[in-house]
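Colleague: I have not looked at this one before. Can you put it up and walk me through it?
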Amino acid sequence: MSECIFCKIVAKEIKSYKIYENKDFLAIMDVFPPTFNGKITMPTVLIISKEHYTSKFTGVPEKLFLKSMKLAQRISKAMELALKPMRVCLMIEGTEIDHFHIKLYAVYKETYPGYLSSKQSDGEPVMADKKWLRETAKKIKQALKELRK
Ligand SMILES: [Zn+2]
């Protein structure tokens, strides 16, 4: 069995708040979105490859990478529609979890502190409320359906 947390999420060994799934990717809510003073500032969606690849996007097959960008744009449009942020920002860093993933941040002018972190001043990350995760995932899923029309 893999020790990779994203592989476990893909295998449904760990619960996730799913937004979208196709044969190559799984889009889920990030349970540790950026916060400021304990409040969520940027709802975050993760697009995870179903197959395990390095988190360095330069190490991912080009065809899969292009597909991930196309999906990221579509999910971002749904986030804009559902969450009304100033914009959605995309980041691929993967320094903590070495499994290819894209982070999509819904950024708001009022609360954007200029950096992305779920950690509080004591260094501990703040986990998002389960109800909030469920409801926010639902809103974006609904917006995805609206975009298909
Ligand atoms: Zn993995």
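Colleague: Which strands does H3 lie across?
Modeller: Bear in mind that this is a predicted model. H3 lies across S1, S2 and S5, and runs at about 35 degrees to S1.

Colleague: And H2, what does that lie across?
Modeller: H2 lies across S1, S2, S5, S6 and S7. Its direction is at about 20 degrees to S7.

Colleague: Back to the strands. In what order do they sit in the sheet?
Modeller: The order is S1-S2-S5-S7-S6, five strands in an open sheet with antiparallel pairing. At the edges are strand S1 (18-21) and strand S6 (87-91), each of which pairs on one side only. On average, neighbouring strands of the sheet are turned by 20 degrees against each other, direction ignored.

Colleague: How many bridges join S1 to S2?
Modeller: Three, and S1 and S2 run antiparallel. Tyr20 stands opposite Ala27 in S2.

Colleague: New topic, the core. Which residues touch the most other members of the largest nonpolar core?
Modeller: Val45, Ile47, Ile75 and Met79, out of 29 residues in that core. Two or more residues each come from helix H1 (5-10), strand S2 (25-29), strand S5 (44-49), helix H2 (62-83), strand S7 (101-107) and helix H3 (130-148).

Colleague: Take Ile75. What is Ile75 in contact with, leaving aside its neighbours within four places in sequence?
Modeller: Ile75 is in contact with Ile19, Tyr20, Ala27, Val45, Ile47 and Leu104.

Notes. Residues numbered from 1 in each chain as written. Predicted model: local features only at pLDDT ≥ 70, side-chain atom pairs only at ≥ 80, totals over all residues. Core = buried A, V, L, I, M, F, W, Y, C linked by C-beta atoms within 7 Å. Buried ≥ 20, exposed ≤ 12 C-beta atoms within 10 Å, placed from the backbone. Helix = DSSP H or I, 4+ residues; strand = E, 2+ residues; numbered from the N terminus. Contact = placed C-beta atoms within 7 Å. Pairing = 2+ DSSP bridges. Axes fitted to C-alpha atoms, helices over the stretch in contact; angles between N-to-C directions.
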